[in-house]
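The sequence and structure are shown here.

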Amino acid sequence: MCALLSCQGLTKAFGAQTLFSDITLVINTGDRAGLIGPNGSGKSTLLRIFCGLEPADQGTVFTRKLLRLSYVAQEDTFVEEANCVDNLFTAVRDLKIDEAEQHSRVHAMLSRADFADPHQPVHLLSGGWRRRLAICRALVTSPEVLVMDEPTNHLDIEGILWLENLLNSPLPGGPSAFIMVSHDRRFLESTVNRVIELAPVYPEGSFQIRGTYADFLDKKAAYLLQRQNLEERLANKVRRETEWLRRGPKARSTKARYRIDEAVRLQEELGEVRGKNRSAGQVGIAFAGTQRKTKKLLVASGLAKGFHGPPLFADLDLTLTPGLRLGLLGRNGSGKSTLMEILAAAGQEQGAKPDQGTIILADNVRIVSFDQRRAQLDTTVTLRRALAPEGDSVLYQGSSLHVVTWAKRFLFRTDQLETPVNRLSGGEQARILIARLMLQPADILLLDEPTNDLDIPSLDVLEESLCEFPGALVLVTHDRFLLDNVCNQVLGFDGHGHAEYFADYDQWLAMMRGQARDTLSKPSAPAAKPAVKTKPGKLSYLDQREYDRMEEAILAAEARLEELQQLMNTPEVIADAPRLEQYWKEQQDLQAETERLYDRWDELEQRRLQG
């Protein structure tokens, strides 16, 4: 099999810090590779080297001749004043295809991404829709290899499911292989058939397996156990050789020099193995509660909030008690972060307030919050000051810890303490904020997207700490794995002003999918539509005849709507822009006709009953 993309002996360092060394990797047709590893291991840098955007210090990258490769970076860059269509046309303009094919590709791609208004300027798009557009721009060129760096960043759960479907059901002309960096464990489990971890714990610099993310976890555990057993065997050999060296000269054989050399070699090998085994450090995350025994920490009744339009949510009741771990779910802009801001400001004169409703706090309740925008973090100060603002030590659970000890708990090196925060990675900045939260005992912990930029080892420790937190937790996250393992209740926002409690994420998702199907099969009347005026009295012969045929007409219209939706999701139609537009127009007309039929049916039904 001819490799699409490969590298041999890649090494990269920044100053005195070596990101990775001697990495060898091959991407073949059909590979769906997930690249993982701790923050600072060089994952993003490796992808940039693959794409020719950054040089390696040593080693070589090989690509198949005339390989088409597309790259989705962590940060999206567009022509902000141009619309979605024009930004995609920029990507296909230099391809050796005619204008009709360019037009077809662009509109088909935007249609599959569910853009309601592809002519909207990019600067008006939310972060999630910008992410979708970046992925569309990478795919519209029909690459053979797709390279993505944190593709789920900024996507809400609906967007993540869309991307999963896109990767699992590629169109004709889609990528033959992809490699992506992601820390979303459930997303990895759903999309990849190969996992590659970069970490200094591995002698080769990486650990690679073919299979799912669950397969990777099993094989990694077995590998690390094997490495631990190797360390124990080497330690026993070194102990025996050391005991022999300590004996008197008469007890030694004539091969003394060989035994001495062998003992030195074993000691060096043991030191190397121990160093590798110890290099996989974990972040020391543990949130402190106040040990309060109050049953009701916060009681909210009838909360409502909106911004110059329909409310984000209304008539919302919420009770937070010790041990409750509540997850907030919903599309971007549905009100999750707004509710978090209102809860964070409860009992304070300043901050977000509900339009309606009341919030009652227990006496002296301590609320600690994590803002996804990281506004609490001063990026101009050094790491030392960010971790210990008051001096060279911090007070944690009644004990004074030096800032060096505190920094090591969060995997920071001593030589980083004087580094400005704005030069640290996103994952390192997230760890600073979590470190600061841990210094504040809390009754209620509000975490808005705490997992952004955290590596998988840090996510595992965060998950364990949240499960052990004795107070009440309110969590906003798009990490479905974390939601499933931490939250014991879910509050789902439907994006139309309603919020409802669910047992778990899967139950909320089933509701949202059912809602989407209902919207397609039975369009609801617009809120602004005037009420139908009824005309009391018996139905005339013609009206009765129309009434008798009404149900059949509605069922036929709904069946055609469903058929059109299925047709518009087929690869053949998606690739045929004129045909796709024809079906879309028919769908809009038919939805309007179905709505008219329902209104007419209601009118005739009321007249019939009143007659």
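## Overall make-up

The model is predicted. The protein has 611 residues, of which 45% count as buried. Its secondary structure comes to 18 helices and 20 strands. Among the contacts with a separation of 6 or more, 70% are accounted for by residues 24 or more positions apart.

## Two helix pairs

The crossing of α4 past α5 is left-handed. On the α4 side the contact is made by Arg132, Ile135 and Leu139, and on the α5 side by Glu158, Gly159, Trp162, Leu163 and Leu166.

The crossing of α2 and α4 is right-handed. Cys84, Asn87, Leu88 and Ala91 of α2 make the contact with Leu133, Cys136 and Arg137 of α4.

## Cysteines

How many disulfides does a search of the whole structure find? The search finds zero. A disulfide requires two cysteine sulfur atoms within 2.5 Å. For Cys84 the closest cysteine sulfur is that of Cys136, at 8.8 Å, which is too far for a bond. Cys84 and Cys136 are both among the residues that make the contact between α2 and α4. For Cys487 the closest cysteine sulfur belongs to Cys467, at 8.7 Å, again too far for a bond. Cys84 is buried, with a relative accessible area of 0%, and Cys487 also counts as buried, at 13% relative accessibility.

His478 is found in the loop between β18 (472-476) and α14 (480-486). Is His478 buried or exposed? Its relative accessible area is 13%, so His478 is buried. The His478 side chain makes a polar contact with the side chain of Glu449, at 3.2 Å. Beyond its neighbours within four places in sequence, His478 is in contact with Leu155, Asp156, Ile157, Ile160, Asp184, Asn332, Lys336 and Glu449.

Lys336 has its place in helix α9 (residues 336-344) and is buried, with a relative accessible area of 7%. Its side chain reaches the backbone oxygen of Arg331 at 3.1 Å. Leaving aside neighbours within four places in sequence, the contacts of Lys336 are with Leu328, Leu329, Gly330, Arg331, Val476, His478 and Phe493. Lys336 and Val476 are 140 residues apart in sequence, yet their C-alpha atoms are 7.1 Å apart in space.

Glu449, the polar partner of His478, lies in the loop between β17 (444-448) and α13 (456-468). Glu449 is buried, with a relative accessible area of 6%.

## Asn153

Asn153 lies in the loop between β6 (145-149) and α5. At 16% relative accessibility, Asn153 counts as buried. Not counting residues up to four places away in sequence, Asn153 touches Gln74, Arg131 and Asp453.

## Positive phi

Most residues other than glycine have a negative phi. Leu66 is not a glycine, but has a positive phi of about 60°. Glu449, likewise a residue other than glycine, has a positive phi near 55°. Leu66 lies in the loop between β4 (58-63) and β5 (69-72). Where Glu449 is buried, with a relative accessible area of 6%, Leu66 is exposed, with a relative accessible area of 74%.

## Accessibility of named residues

The table collects relative accessible areas for residues discussed above.

| Residue | Relative accessible area | Class |
|---|---|---|
| Cys84 | 0% | buried |
| Glu449 | 6% | buried |
| Lys336 | 7% | buried |
| His478 | 13% | buried |
| Cys487 | 13% | buried |
| Asn153 | 16% | buried |
| Leu66 | 74% | exposed |

Terms used. Residues numbered from 1 in each chain as written. Predicted model: local features only at pLDDT ≥ 70, side-chain atom pairs only at ≥ 80, totals over all residues. Heavy atoms only, no water. Buried < 20%, exposed > 50% of the residue type's maximum accessible area, 1.4 Å probe, protein only. Helix = DSSP H or I, 4+ residues; strand = E, 2+ residues; numbered from the N terminus. Polar contact = N/O pair within 3.5 Å; in protein donor to acceptor, adjacent residues only side chain to side chain. Contact = heavy atoms within 4.5 Å. Left-handed = near helix turned anticlockwise from the far one by under 90°.
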